[in-house]
Amino acid sequence: MTFSRMIKHLSAILAMLSLAWAPAAMAWGEYGHHTTGSVAWANIKPETKAAIRQLLKSEKALGTPKCRVRSIEEASYWPDCIRSLAWRYAYTFPWHYQTEPVCKAYDPKSNCANGNCVTGQIERSRKVLADKNLPDAVRLEAFVFLVHFTGDVHMPLHSGDNFDQGGNAVKANYGDAPVWNLHGLWDGQQAERSISSATPPLVRRYSPEERAALSGGDTADWGRESHELARRVYTRAFGFDPCEGKAPEKITWSNEAIVEFIPDAQRRISQAGLRLADMLDGALATN
């Protein structure tokens, strides 16, 4: 092997290792959330797009120059980007989830004191965005939270857990490669494979029939759907129903498991984008 080929080979190995150890939020934020935003953008009304472009003009008023909001895709990641500004935004961190044990019946009002959960903040953000009496910068912040949290509530491990912080406390391998944890694996490898393998692509204009089949419901319904899917995720990860045995300290999520759950992940991302499109049209489209 020549020196140049050896360098290329080592570079490829290092790139694979960096992906395997990448924190969960980055993988989901860069692909899963962006895709949700792109699906919504492809399916909203022209007047809704015009209203969003107007709101984006007030981006500088957010005061986050390292976390830009120049498009719906950047908006979808902003609430994760500002985690680096904990001194300003730590109070928003519980808004990303509403986890409840998968072995208990889902309760849409549980774990949401004073609206400090993902479903509560979707409702609040939608109302703020729709209020045209408020300043554009206030409505823009509501917009970015609405886009992001609609994606979050459709990720199963943001609604269901096994007393393990939504899978964050479950160490995981993807095949033989160590990854962050079960939650990060679903945010990363599962989301990426599901989006990149979709045929037709997830980002497209959906037919009225597709929208009727995939959209609808309210935040309680969306959380319940994710909660039910989370139990299936744990069952596949553990090799048994999580309600019938002690959880392992570490799991392996095989390529076969990824393939098995691709339709579920694709459906959740499409649903998130289309439901977001409906909310944005309702809040911003001119009657």
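# Close-up views of a predicted model

**Figure 1. Contacts of R268 in the predicted model.** Leaving out residues up to four places away in sequence, R268 touches V153, H154, W222, E225, S226, L229 and R275. The model shown here and in the views that follow is predicted. R268 belongs to helix α11, which spans residues 255-284. With a relative accessible area of 7%, R268 is buried, the cut-off for that class being under 20%. Two polar contacts of the R268 side chain are of interest here. One runs to the backbone oxygen of H154, at 3.1 Å. The other joins the side chain of R268 to the side chain of Q271, at 2.6 Å. A191 is 77 residues from R268 along the chain, and the C-alpha atoms of the two are separated by 10.0 Å.

**Figure 2. Packing of α7 against α11.** On the α7 side the contact is formed by R139, F143, L146, V147, T150, G151 and V153, and on the α11 side by R268, A272, L276, M279, L280 and L284. By class, the residues of this contact comprise nine nonpolar, two polar and two charged.

**Figure 3. Packing of α6 against α11.** Helix α6 (residues 118-130) packs on α11 at an angle of about 35 degrees, and the two axes are 8 Å apart. The crossing of α6 and α11 is right-handed. From α6 the contact takes in I122, R126, L129 and A130, and from α11 it takes in M279, L280, A283 and L284. Seven of the residues in the contact of α6 with α11 are nonpolar, none is polar and one is charged.

**Figure 4. Packing of α4 against α7.** Helix α4 covers residues 72-81 and helix α7 covers residues 136-153; their axes lie 8 Å apart at an angle of about 85 degrees. The range from 65 to 115 degrees counts as roughly perpendicular, so α4 and α7 are roughly perpendicular to each other. I72, A75, S76, Y77, W78, P79 and D80 of α4 meet E141, F143, V144, F145, V147 and H148 of α7. The residues of this contact divide into nine nonpolar, two polar and two charged.

**Figure 5. Surroundings of N181.** N181 sits in the loop that connects β4 (177-179) with α8 (182-196). Its relative accessible area is 4%, and N181 is buried. Apart from neighbours within four places in sequence, N181 is in contact with G167, N168, V170, K171 and A172. A polar atom of the N181 side chain lies 3.2 Å from the backbone oxygen of N168.

**Figure 6. The chain as a whole, for orientation.** The secondary structure consists of eleven helices and five strands. The chain has 287 residues, of which 49% count as buried. Among contacts between residues at least 6 apart in sequence, 71% join residues at least 24 apart.

How values were computed. Residues are numbered from 1 along each chain as its sequence is written. This is a predicted model: local features need pLDDT of at least 70, side-chain atom pairs count only at pLDDT 80 or more; totals for chains, interfaces and linings use all residues. Side-chain values use heavy atoms; hydrogens and water are left out. Helices (H or I, at least four residues) and strands (E, at least two) are DSSP runs, numbered from the N terminus. Buried means under 20% relative accessible area, exposed over 50%, partly exposed in between (1.4 Å probe, protein chains only). A polar contact is a pair of N or O atoms within 3.5 Å; within protein, one must be able to donate a hydrogen and the other to accept it, and residues adjacent in sequence count only if both atoms are side-chain atoms. Contact means heavy atoms within 4.5 Å. Axes are lines fitted to C-alpha atoms, for helices over the stretch in contact, and angles run from 0 to 180 degrees between N-to-C directions. Angles under 35 degrees count as roughly parallel, over 145 as roughly antiparallel, 65 to 115 as roughly perpendicular and the rest as oblique. Ala, Val, Leu, Ile, Met, Phe, Trp, Tyr, Cys and Pro count as nonpolar, Asp, Glu, Lys and Arg as charged, and the others, Gly among them, as polar. A crossing is left-handed if the near helix is turned anticlockwise from the far one by less than a right angle, and right-handed if clockwise.
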